[in-house]
Every structure is written in structure tokens, then in C-alpha cells.
Protein chains: 2
Amino acid sequence: MLWHIRPLQCLARTRRSHRTYHRASPAHRAFQKPATFPVQRGETSLVLVDEARRFIQDCLLRMNVPTSKLRSISEFLVVADYRGNFGNGLNRLDGYLSDLQMGHARADAEPSVINETAATAHVDGNSALGVIVGDFCMDLAVEKAQKAGIGFVVAKNSHHFGMASWYAFRAAVRGYAGLVMSNAVPSMVSPDTQEASIGANCLAFCVKGEKSHFALDMAASVRDLGAIEWAWSTNEYIPHGWAADESGFSTCFPNLALRALRLFPAGGHKGFTLACIIDLLCGVLSDAQYSTQIPQNQSQPSNLGQVFVAINPELFLSNFRERLDDFCSRIKDSQAENDANPVQLPGENERAHMNYVEDLRALPYPNSLLAKYKLVADKLCVKPIDLAFDRCQSRKSF
Amino acid sequence: MLWHIRPLQCLARTRRSHRTYHRASPAHRAFQKPATFPVQRGETSLVLVDEARRFIQDCLLRMNVPTSKLRSISEFLVVADYRGNFGNGLNRLDGYLSDLQMGHARADAEPSVINETAATAHVDGNSALGVIVGDFCMDLAVEKAQKAGIGFVVAKNSHHFGMASWYAFRAAVRGYAGLVMSNAVPSMVSPDTQEASIGANCLAFCVKGEKSHFALDMAASVRDLGAIEWAWSTNEYIPHGWAADESGFSTCFPNLALRALRLFPAGGHKGFTLACIIDLLCGVLSDAQYSTQIPQNQSQPSNLGQVFVAINPELFLSNFRERLDDFCSRIKDSQAENDANPVQLPGENERAHMNYVEDLRALPYPNSLLAKYKLVADKLCVKPIDLAFDRCQSRKSF
């Protein structure tokens with residue numbers, strides 16, 4: 001018996017044009033094929049966390065990723081799903097595998113420092129996977145911030161680095177404020193344009209107090225590409241206002257949105273210019289590709305740029321953590337419009353999802369996604385993902 | 001004959017409750033009184049730039065501001081009007097005069113460094129006027145960025161610092177990227193709350209290329225308080241979606257918006273959390289006041305916090321300026337939705353307004369604002385603002 005969690009909407013929709021979607025989306029490429037067996041779309045099955053890790057590591061091993069890197073890459077993808085950021089979790093694995101296979105990301109590459117000062121560093125990612133570059137850069141930023149008060153590291157020749165808050169949190173758990181940005185494939189239109197000239201660039205900021213923490217992870221667009229890809233996987237409509245179709249009108253069909261790659265910026269011009277600032281720092285300053293230089297298809301490596309900042313609050317204030325707690329409580333305590341819907345700080349929704357996963361002791365994945373990875377497993381000759389049955393009964397052994 | 005420029009809409013509106021507006025707005029305080037003589041609202045008169053400078057300096061002299069500071073303060077206010085940022089120009093003068101009179105800003109104060117590293121500094125503004133603190137901090141940030149690659153300066157005990165791009169541009173003209181942020185009086189609601197728990201905090205980012213420049217100056221709200229105050233001064237409605245009235249509904253009356261102080265964030269939760277990040281760095285980290293600690297009335301000094309960042313692109317890349325030009329042209333060249341309305345980079349609207357002012361050789365101010373400063377002039381015994389007549393005919397002598 002499969003555990004079907006939270007029945008999802010099964011809505012009538014237009015038939016997906018797989019060819020065009022395949023062309024447009026950077027994350028669903030070589031490994032994505034139409035399912036050839038009946039799939040009950042819109043339903044979800046449980047996968048034990050360890051099983052998800054095992055499958056990811058098996059696939060990466062087939063791509064000759066060194067064993068020393070397997071743990072961090074699989075953890076990074078699983079944690080995204082654990083926090084409810086499904087667009088940047090297991091969903092991304094086939095894109096990474098495809099890029100490794102085509103040589104656009106190098107399994108054995110290590111980032112290197114081009115030049116540095118007491119507070120800054122310019123890093124060449126050498127086409128390593130994004131998480132390898134990101135972990136290296138954030139550790140370097142924290143090291144510099146320890147004495148200089150701030151560490152500012154820019155990376156070029158990097159790869160899609162998934163959930164930005166992964167790196168910002170890496171600084172936060174050591175007592176620093178972490179700020180992370182990345183540019184991305186051009187997929188966002190300005191309120192005055194018809195074509196996408198900038199990516200839905202992301203920004204994450206995390207900092208921890210004594211009792212509370214502030215963990216923001218956002219894209220400059222209303223929603224990021226991963227959320228639309230996830231809606232496509234789970235057979236759900238997207239709300240109007242997220243993205244336009246190829247004629248420029250807002251659409252509620254994720255396949256049309258993914259084909260057109262025209263996301264709407266959050267806050268109109270403000271979201272668009274915020275994305276420009278991120279690209280100026282991540283792409284232009286780092287010597288990576290930027291704006292429309294970044295290829296929308298797989299003809300060449302994406303050569304993304306990223307910025308990692310760590311700030312050492314201890315060098316400014318001794319009681320920063322208490323002040324942060326007070327700040328968070330002031331935001332939390334402001335009178336909600338609806339008492340049933342209290343004010344939430346960034347990171348609280350993710351905490352709620354983590355509790356939900358801990359109760360299940362497993363990660364809920366849509367059957368369509370699992371079917372896709374069945375094909376990937378067949379192709380790579382690895383054991384397919386084993387579904388969790390009635391073993392998931394206690395929270396203790398999670 | 002007065003020069004009446006661009007007739008403004010004279011719309012029927014509810015009678016302003018001056019008492020409540022006076023209580024709510026931080027910028028219109030002791031010096032603001034209802035005009036006692038007939039004012040033709042909604043019309044605009046010209047004032048020569050030198051005359052605006054002269055008037056500001058005369059008023060500041062009466063508040064015992066040292067002569068060495070007069071030039072920078074008056075220039076800073078006039079340049080805001082010159083760039084079309086009227087909410088932070090002459091419009092702010094009475095607020096500054098009032099704060100100087102009440103001791104909430106100190107005319108003779110100088111900022112001082114509390115502690116510093118190779119790349120950071122913690123500055124005490126000592127309640128000097130915002131522009132004095134801002135200029136000091138940005139110069140310090142640039143000095144640090146020269147060697148360390150980045151300068152990160154946070155200031156406490158600062159004052160309202162007007163147009164944020166003034167400081168960011170100060171870094172940009174020296175070849176650095178300038179990033180400036182400030183917290184503000186709590187005046188913005190989150191999409192879930194009824195009360196304002198955070199300011200419409202501002203962010204400016206400026207950087208210059210060989211041919212182009214990128215000069216963003218924005219608030220985290222849809223529009224800032226200055227824009228609503230300006231609409232009030234010019235007797236215009238504000239569009240729905242800028243701010244709510246006291247019952248929580250969107251209003252088009254600036255007086256109701258200024259009474260309620262509930263601006264809407266740009267992009268919903270995203271604008272709100274961006275304002276939180278700015279307050280965490282500007283207020284919490286700097287030891288200044290933050291969130292609802294900042295008083296909405298004049299009972300105590302506002303003790304604002306600000307962050308000034310300068311980045312030295314030369315330490316990362318030798319061809320940064322060329323790459324910036326290319327980036328700007330990629331954004332500019334993207335296909336506009338309407339050919340008559342080409343894509344504009346941040347700073348281009350301001351450039352157009354500067355051309356407009358240069359053509360006029362004078363600054364256009366609404367008569368209601370000039371009437372207010374007639375009263376200020378009477379109170380301080382300074383010569384009122386002299387209006388420009390048909391002298392303004394040539395662009396040469398501007």
C-alpha cells in the first residue's frame with residue numbers, strides 16, 4: 001500500500017508539449033522523457049530520507065563524482081526537500097546529472113582563489129557543481145569575516161547552486177550573518193519588455209539569535225522557476241501573476257510558463273532592478289556570464305556567478321543576538337489582520353514543513369517525479385527509489 | 001508674472017485634518033501651519049537654483065549650523081529636487097529645521113568612529129544631520145575599499161539622510177560601486193498585519209561604467225513617504241495600492257495615508273522582508289533604534305541606523321566598466337512592449353528631470369510649498385524665497 005498524502009488537485013489541463021518544455025527548461029533535460037507507463041498524476045508517495053540520499057548518491061557515483069563529495073551533494077538536495085523547497089531538491093538531480101554527463105559541470109573540479117584581500121576573494125569555480133563552489137566560498141567568507149568583520153567572495157564559472165539559504169545558513173550557524181546571491185538563466189521580464197533579459201536571481205539572508213532566527217530565501221520574481229517546475233510535476237495550476245506565456249499574457253499553465261520563460265518580477269520595476277543589482281555583483285563583477293549572455297539551452301556551460309557575504313556581528317556589538325530576538329518578537333507581535341493567521345517570520349514556513357516531514361519520517365514526492373527517476377535509474381543502472389510503506393510509524397527513528 | 005509649469009490636477013478632495021497629519025508625519029512638524037493667505041493650490045512656480053540654495057543656507061544659519069556645513073546640506077537638498085526626488089528635497093527642510101530647534105539633531109555635531117577593522121567601521125553619528133553622517137561614512141567606506149576591496153560602515157545615532165543615492169553616487173563617481181541603506185520610522189504593513197512594524201526602508205545602488213551608469217534609489221514600499229507628502233503638497237491624489245487608511249483599506253487620499261502611516265510593501269511579503277533585512281543591518285547591527293523602537297512622533301530623537309558599502313571593482317576585474325556598459329546595453333536593448341516606451345535603466349528618469357530643470361534654469365515648486373516656506377521665513381526672519389520671473393531664458397547661465 002502506498003501512502004497517499006494530502007490529495008492534490010487533479011485538474012483538467014491542456015496536453016503538455018514535451019518537446020517545447022524540454023527545450024525551454026534548464027533543469028529538465030537529457031534525463032527527462034515522457035513516462036511510458038501509467039502514472040497516477042497528482043498523487044504523492046513517501047520516500048524515506050535515507051533512501052532519497054542513497055538514490056542521489058548512487059546516481060552521482062555513476063557520473064564519477066568522488067565519494068568525498070557525495071555526502072554534501074545529497075544532503076544539500078535532501079535538505080531542500082526537507083525544508084519544502086521542492087523546486088531545488090530531488091527535482092534538480094536530473095539537471096545536475098545531465099550537466100555532468102555533457103561536461104557542463106565537472107565532477108572532480110575544485111574551486112580556486114584567483115585573488116584576494118583581507119576581506120574579499122575572487123574565486124574561479126572551475127565548473128564544479130554549485131554546492132561545491134558555494135560551500136567553499138561561504139567558508140572562505142566566514143574565515144575572512146572573523147578578523148576583517150566582513151567577508152565578500154565572488155565566484156565565476158559556477159553552476160546552479162540550488163537553495164541559496166543552504167549557504168547563508170552555513171554562516172548563520174557559526175554566529176555570522178550570511179548573505180548569498182546568484183544570477184540565473186534569463187527568465188524574467190521587466191514590466192515594459194516582452195523578452196526576458198535578466199534571471200529570476202535569488203537572494204538569501206540568514207542570521208541566528210539566542211531564541212529566534214531569520215532565514216529568508218527569495219527570488220526577485222514573484223515565484224522562481226523551480227516552483228513552476230514543481231507545479232508542472234505535481235499537475236497543478238499556477239496562480240495568475242507568476243508568469244506569462246509566449247504571447248505575453250499571464251498564464252496559469254506551468255507548461256506554457258516554462259516554454260515562454262517569462263516570469264514576472266516581484267513588485268514590478270523594483271523586483272526587476274533588484275535582479276539587476278544581483279546580476280551586476282554576481283555576473284558582471286565576478287567575470288561570469290550575465291544577463292542574456294547566459295544560455296537558455298544546453299549548448300554551452302552556464303558559467304554562473306555568485307556572491308557570498310559573511311558579516312561578523314561580534315565586531316560591531318556584543319549583544320547582537322539579544323537585539324535580534326527583540327527585533328523578531330516586534331515583527332511577530334504586530335497585530336495580525338486575522339488572528340487565525342499570525343505574522344510569520346521568514347523561515348517559519350520552512351520550520352513547519354520540517355515538522356511535517358519529521359512526523360511522516362519521510363519525504364513526500366509526487367508520483368510523476370518518482371516515475372521520472374525510475375527512468376533515470378534504468379538508464380544509469382542504479383536501484384530505483386524504494387517507496388516507504390507502513391514502516392513510517394514513529395518519529396523517533398527519523 | 002509667475003511661470004506656471006505643467007498644470008497639475010486640481011481635484012476635489014476631503015478637507016485635510018491638519019492636526020492629525022501634523023501628528024503623524026515625521027517631516028512636517030513645528031514649522032508647518034495652515035496657510036493663512038489665499039494659495040492657488042496645484043500650481044507651480046519657478047525658483048532659481050541659487051535662490052533655493054540661498055534660502056536653505058539662510059534658514060540653517062538661523063539654527064546655528066556652522067558655515068562649513070551649509071554648502072553640503074543645501075547642495076544635498078537642491079540636488080534631490082534637481083533629480084526629481086522632491087520628497088527628499090526642499091520639502092524636507094522644515095523637518096530638519098524643526099529637529100535642529102528641538103535638539104533631536106545637533107548642528108555642530110561630528111560623527112566619530114567607535115571601532116574599525118581593515119574593511120569595516122562602526123560609526124556614532126552623534127545626532128548630526130543625516131547628510132553629515134552619510135558623507136562621513138561613505139568617504140570612510142571608500143577609503144577602506146581602496147585596499148580591502150570592500151568597505152562596510154554602519155552608523156548609529158544618525159538622522160533622516162534624505163536621498164540615499166546621494167551617498168551611493170559619492171562612491172560611484174570615484175569608480176566604486178556604492179550601496180546605501182537606511183531604516184526609517186515604522187510606516188509599512190506586511191500583507192498579514194494591521195499595524196506598521198517596519199519602516200519603508202530605502203536602498204540605493206550606484207555604479208558607473210565608461211558610457212553608462214546604473215543609479216537605483218528605491219524604498220521597500222510601493223512608494224515612499226516623501227512621494228505621498230509631495231502628492232499632499234501638490235494637491236494630487238495617490239494611486240490605489242500605495243497606502244492604506246486607518247481602517248486598513250487602500251486609499252487615494254494622501255492626507256489619510258499620512259495619518260495612518262501604513263504603506264504597502266513592494267511585491268507583498270518580498271518587499272516586507274527586504275525592509276526587515278535592511279533594518280537588521282541598519283538598526284539591529286548598528287546599535288541604533290529599529291522597528292517599532294523608532295518613534296513616530298517627535299517625543300525623542302529618531303536615532304536611525306544606516307549602512308554604507310563601497311566595493312572596489314578594480315580589485316576583482318580590470319575591465320569592469322566595459323562589462324557594465326555591455327550589461328546596461330543588454331537591458332536597454334531588450335524588446336519593449338511598446339516602442340514608444342523604451343526600456344529605461346534606473347537613473348534615466350532622473351536624468352530626464354535634470355534636463356528638464358536645466359531647460360527651465362530653475363526648480364519648479366508647488367505654490368503650497370512656497371507658501372509654507374513663506375511662513376518659515378517669517379518665523380526665522382530670513383528673506384523669503386524669491387520667485388524666478390522672465391529672467392530664466394537661457395540654459396547657459398544655469
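Colleague: What makes the area between chain B and chain A a buried area?

Modeller: Buried area is the accessible area (1.4 Å probe) that two parts lose on being put together, summed over both. In this predicted model, chain B and chain A bury about 6000 Å² between them, 67% of it on carbon and sulfur atoms. Lys270(B), Phe316(B) and Arg323(B) supply 12% of the area that chain B buries against chain A, more than any other three residues.

Colleague: How many residues from each chain are in the contact?

Modeller: Contact requires heavy atoms within 4.5 Å. By that rule, 69 residues of chain B and 69 residues of chain A take part.

Colleague: Why is the pair Arg323(A) and Asp287(B) called a salt bridge?

Modeller: The term requires a side-chain nitrogen of Lys or Arg within 4 Å of a carboxyl oxygen of Asp or Glu. The closest N and O atoms of Arg323(A) and Asp287(B) are 3.2 Å apart, so the pair qualifies. Across the interface of chain B and chain A the rule finds two salt bridges.

Colleague: Which element gives the most to the side of chain B that touches chain A?

Modeller: That element is α9(B), with 10 residues. Helices (H or I, at least four residues) and strands (E, at least two) are DSSP runs, numbered from the N terminus.

Colleague: What makes a space in the structure a cavity?

Modeller: On a 1 Å grid over the protein atoms alone, a cavity is a set of points where a 1.4 Å probe fits but cannot get out; lining residues have an atom within 4 Å of a point. Of the 24 residues that line the largest cavity, the closest to its centre are Leu179(A), Met181(A), Leu281(A), Leu179(B) and Met181(B).

Colleague: Which classes make up the lining of the largest cavity?

Modeller: Ala, Val, Leu, Ile, Met, Phe, Trp, Tyr, Cys and Pro count as nonpolar, Asp, Glu, Lys and Arg as charged, and the others, Gly among them, as polar. The lining of the largest cavity has 24 nonpolar, no polar and no charged residues.

Notes
Residues are numbered from 1 along each chain as its sequence is written. Chains are lettered from A and ligands numbered from 1 in the order in which they are written. This is a predicted model: local features need pLDDT of at least 70, side-chain atom pairs count only at pLDDT 80 or more; totals for chains, interfaces and linings use all residues. Side-chain values use heavy atoms; hydrogens and water are left out. On a 1 Å grid over the protein atoms alone, a cavity is a set of points where a 1.4 Å probe fits but cannot get out, and a pocket is an open set with protein on both sides within 12 Å along at least five of seven lines; lining residues have an atom within 4 Å of a point.
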